[in-house]
Amino acid sequence: MPKDQQIRRWVNAASALLALAFSHGATAAPAQCPREGTLGTERVLAVDPKIYPRVGLKSFPDTLPLRDHEIVLTFDDGPSPPMTNTVLDTLAAECVHATFFLVGKPASGRSALVKRIAAEGHTIGYHSYSHAHLARISPEAAVEEIDRGIAGVELALHGVSTTTPSTPFFRFPYFESTPAELDLLQSRGIAVFGADFWAGDWNPLTPEQELKILISRLEQIHKGILLLHDPQRRTVAMLPDFLRYLKDNGYHIVHIVPASDTQPAQSAATASHSPEQKD
């Protein structure tokens with residue numbers, strides 16, 4: 001069987017197992033990667049917006065309860081072919097799952113790519129409709145940006161335009177929000193994600209410079225929610241080397257998913273009290 005077909009089978013099987021487990025309110029462990037020597041996904045962490053309404057130390061006082069050397073991979077601003085496709089290929093090659101915060105306008109015209117992200121077991125979040133500065137426009141316009149963004153992604157993913165998100169995860173463009181906007185999303189049961197670290201891949205860096213920055217910051221904090229941008233070519237080129245660095249230096253990937261109402265608990269709430277936790 002060709003290597004790419006084996007990889008696709010694995011990610012589809014992993015996605016199916018996650019869906020089955022969480023539909024029954026159980027904690028899911030990621031499927032084992034069929035190939036030795038890959039980074040893999042260490043565990044799945046269910047995030048309850050009621051307990052963690054806002055996470056990411058660059059913006060908020062709280063973050064996810066990650067153990068030492070645990071990384072949550074997140075990507076913003078897609079979907080953007082061919083870069084997003086290449087990112088997906090790279091993640092699949094290492095049996096890694098991530099979270100993609102999609103912009104509604106491009107997503108609404110790229111249904112096949114949005115569905116591929118979901119089919120390969122990744123989590124899909126929301127990142128407004130047109131990547132506007134939501135803290136600099138009227139409250140009414142900001143709500144429309146949020147709702148249209150959700151609806152555009154939902155249309156691409158499920159064929160139905162709805163402002164009720166399948167996954168209650170949202171990230172503000174530029175990390176710019178108002179207290180009223182934060183309160184609105186919390187009242188709707190939607191968790192707002194900031195980040196704990198990034199390389200600033202929106203700046204004119206080489207892939208080598210981006211990798212060096214990420215390694216330097218990891219050496220200081222040792223864990224966290226990482227922000228990357230899948231439409232950035234420098235990040236696409238850097239990603240394979242970064243994943244190998246994580247593997248070679250004992251880092252582990254944590255895949256975040258929404259907590260169900262009945263899920264017992266290896267959720268974000270109980271993970272913070274795990275005896276294995278290291279700060």
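Ile190 is in contact (heavy atoms within 4.5 Å) with Pro49, Pro53, Ile150, Pro165, Pro168, Phe169, Phe170 and Leu185, leaving aside its neighbours within four places in sequence. This is a predicted model, in which local features need pLDDT of at least 70 and side-chain atom pairs count only at pLDDT 80 or more, while totals for chains, interfaces and linings use all residues. Residues are numbered from 1 along each chain as its sequence is written, and side-chain values use heavy atoms, with hydrogens and water left out.

Ile190 sits in the loop between helix 6 and strand 7 (191-193); helices (H or I, at least four residues) and strands (E, at least two) are DSSP runs, numbered from the N terminus. With a relative accessible area of 3%, Ile190 is buried, a word that stands for under 20% relative accessible area, against over 50% for exposed and in between for partly exposed (1.4 Å probe, protein chains only). Although Pro49 and Ile190 are 141 residues apart along the chain, their C-alpha atoms are separated by 5.9 Å.

Helix 5 (residues 139-158) has 20 residues and reaches 28 Å from its first C-alpha to its last, close to the 28 Å expected at 1.5 Å a residue; the expected span is 1.5 Å times one less than the number of residues. Its buried residues include Ala142, Glu145, Ile146, Asp147, Ile150, Val153 and Leu157. Among the elements covering them are strand 4 (99-102), helix 4 (111-119), strand 5 (123-126) and helix 6 (179-187). Gly159 follows helix 5, with a positive phi near 80°.

Now to strand 3, where 7 of 7 residues are buried. Glu70, Val72, Thr74 and Asp76 lie on one side and Ile71, Leu73 and Phe75 on the other, and both faces are covered. In a regular strand the side chains alternate between the two faces of the sheet. The table gives the pairings of strand 3; two strands pair if DSSP finds at least two bridges between them.

| Partner of strand 3 | Bridges and sense |
|---|---|
| Strand 4 | 3 bridges, parallel |
| Strand 9 (residues 224-229) | 6 bridges, parallel |
| Strand 10 (residues 252-258) | 2 bridges, parallel |

Asp76 stands opposite Phe101 in strand 4 and opposite His229 in strand 9, while Glu70 has His252 in strand 10 as its bridge partner. Strand 3, helix 2 (residues 83-93) and strand 4 form a right-handed β-α-β unit: with the strands pointing away from the viewer, the path from the first strand over the helix to the second runs clockwise.

His69 lies in the loop between strand 2 (54-55) and strand 3 (70-76). Not counting residues up to four places away in sequence, His69 touches His222, Lys223, Asn249, Gly250, Tyr251 and His252. Its side chain joins that of Asp68 in a polar contact of 2.9 Å, meaning a pair of N or O atoms within 3.5 Å; within protein, one must be able to donate a hydrogen and the other to accept it, and residues adjacent in sequence count only if both atoms are side-chain atoms.

Finally, the largest nonpolar core has 50 residues, of which Ile71, Leu73, Phe75, Leu91, Phe100, Phe242 and Leu246 touch the most other members. Such a core is a set of buried Ala, Val, Leu, Ile, Met, Phe, Trp, Tyr and Cys residues joined through side-chain atoms within 4.5 Å.
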